[in-house]
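Please work through each task before reading its solution.

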Amino acid sequence: VQKVLNNRSADTGEKGRLHFLLRGVVYCNVCGQRLTGEVHKRGSYYRCIPDPHSNKCDQPYIPVNHLDNQLEKIYAGLQPPEGVLRVLKIEMRAIAEKRMKTAKRDIEQAQKTLDDIENKEIKLLDEMIAGKLDRCLYDKLQSRYTEQKAQAQERLAQMQVDYNDPLDFLDKCIVVASMLLFLHQRFDYEHRKNLLKAVFKKIYVENKDIVAVEFTPPFKMLLGDDLRR
């Protein structure tokens with residue numbers, strides 16, 4: 001779980017300071033501006049960041065706890081069916097296995113191309129040493145083979161992908177997706193912030209309530225379409 005969170009986490013700049021859980025992710029659904037967090041005499045609030053090129057948004061300031069507490073309801077409603085996750089995992093593994101078979105053939109062909117170029121280089125050198133080829137022509141042909149070899153090596157490197165890495169990451173994301181509320185309730189602030197940033201791309205608020213969310217990949221695939229109330 002921590003590996004998934006670390007993959008998308010970033011320094012929030014709030015360690016040892018005020019905690020605004022949704023800051024950086026939450027937006028106003030009316031004016032489209034990002035919300036910031038502020039401390040007033042009566043408490044902490046979220047509000048729209050003013051846009052100097054447009055009129056002031058008429059949306060009210062939102063108490064931090066009022067908005068943060070709505071996350072639990074959001075997480076509770078995002079529990080994906082266990083059967084769906086199981087089928088998705090099977091399908092993803094089948095796709096990966098198919099790609100691995102195709103990649104194996106492509107790698108073998110790329111390696112053959114690379115071997116052919118290296119054999120040509122050896123033959124070219126032998127001909128130059130035997131006096132059958134002058135140095136000028138040798139340098140010209142060798143330069144061509146060097147370029148072809150570099151291109152073949154680059155193609156080979158691109159094909160040699162470990163398909164287990166993304167599958168392992170997907171497995172971890174499935175674990176996280178299946179226990180969002182559980183994790184949120186037990187995490188400290190920093191881990192809650194990382195979980196939030198891992199799952200949500202944007203959260204939209206109107207009249208003090210969360211009205212829509214956009215998921216980040218791969219949670220968009222695991223949790224379905226973006227949520228709108």
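**Exercise 1: an aromatic pair**

The structure holds five aromatic pairs, in which ring centres of Phe, Tyr or Trp (its six-membered ring) lie within 6.5 Å. The model is predicted, so local features need pLDDT of at least 70 and side-chain atom pairs pLDDT 80 or more, while totals for chains, interfaces and linings use all residues. Residues are numbered from 1 along each chain as its sequence is written, and side-chain values use heavy atoms, without hydrogens and water.

Task: classify the pair of Tyr75 and Phe200 and locate both residues.

Solution. 
1. The ring centres are 5.8 Å apart and the planes stand at 45°, so the pair is tilted (stacked is under 30 degrees, edge-to-face over 60, tilted the rest).
2. Tyr75 belongs to helix H3 (residues 70-77) and Phe200 to strand S5 (residues 200-206), so the pair ties together parts 125 residues apart in sequence. Helices (H or I, at least four residues) and strands (E, at least two) are DSSP runs, numbered from the N terminus.
3. Tyr75 is buried at 1% relative accessible area, and Phe200 is buried at 2% (buried is under 20%, exposed over 50%, partly exposed in between; 1.4 Å probe, protein chains only).
4. Together with Phe215, Tyr75 and Phe200 form one aromatic cluster.

**Exercise 2: a charge and a ring**

Task: state where the charged end of Lys202 sits.

Solution. The charged end of Lys202 sits over the ring of Tyr27, 4.7 Å from its centre; the criterion is NZ of Lys or CZ of Arg within 6 Å of the ring centre and within 35 degrees of the ring normal.
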